Amino acid sequence: MAEPDPIKEDEMENCVLLFATVEKSDEVTPELTVSSTVESVKLRLSRLGATRVMLFPYAHLASDLGCPGVSQWILKSIHSRLIEEGIETKRAAFGWYKEFEIKSKGHPMADFSLTVCPFAGGECDKSSKCCQSEAKNC
């Protein structure tokens with residue numbers, strides 16, 4: 001389910017590139033997923049001294065993808081909330097194959113992985129009962 005009429009070409013320099021995937025478990029509490037993601041991103045930005053984010057939907061990060069409608073809502077909501085927080089943010093189109101070029105700075109935190117717990121909020125440390133179990137609908 002691709003977005004209609006995406007921006008065909010755009011760029012952002014000196015930013016944090018956020019490859020993002022929405023998984024089925026994120027659909028349980030989408031609002032908590034959004035707020036937890038925004039808070040985690042703000043924390044990482046402050047550690048980096050960065051003020052700009054390129055939000056890039058990237059379905060290849062997970063094998064248990066959320067449904068397209070909820071995924072779009074979550075990603076658009078993250079985008080909007082980051083802007084509301086005063087963070088310059090752009091979002092690549094959902095559902096399209098995209099070509100991209102990346103140049104990364106040589107910094108200890110130049111790349112990192114972040115998983116947000118949709119059940120407990122915040123970064124996932126696998127301590128949530130739902131994250132430890134095989135159950136998908138906690």
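Guide: Arg91 counts as partly exposed, because its relative accessibility is 23%. The model is a predicted one. Arg91 forms a salt bridge with Glu3, and the closest N and O atoms of the two are 2.9 Å apart. Arg91 belongs to strand E3 and Glu3 to the segment before E1, so this pair ties together parts that are 88 residues apart in sequence.

Glu3 also meets the side chain of Lys76 in a salt bridge, at 3.7 Å from N to O. Here too distant parts of the chain are linked: Lys76 sits in helix H2 (residues 68-84), Glu3 in the segment before E1, and 73 residues separate them.

Glu3 is buried, because its relative accessibility is 10% and the cut-off for buried is under 20%. Lys76, with a relative accessible area of 36%, is partly exposed.

Another salt bridge lies within a helix. Lys42 pairs with Glu39, with the closest N and O atoms 3.4 Å apart. Both residues are in helix H1, three residues apart, which is about one turn of the helix. Lys42 is partly exposed at 26% relative accessible area, and Glu39 is partly exposed at 41%.

The count of salt bridges comes to six, among them Glu3 with Arg91, Lys76 with Glu3 and Lys42 with Glu39.

Definitions and conventions:
Residues are numbered from 1 along each chain as its sequence is written. This is a predicted model: local features need pLDDT of at least 70, side-chain atom pairs count only at pLDDT 80 or more; totals for chains, interfaces and linings use all residues. Side-chain values use heavy atoms; hydrogens and water are left out. A salt bridge is a side-chain nitrogen of Lys or Arg within 4 Å of a carboxyl oxygen of Asp or Glu. Helices (H or I, at least four residues) and strands (E, at least two) are DSSP runs, numbered from the N terminus. Buried means under 20% relative accessible area, exposed over 50%, partly exposed in between (1.4 Å probe, protein chains only).
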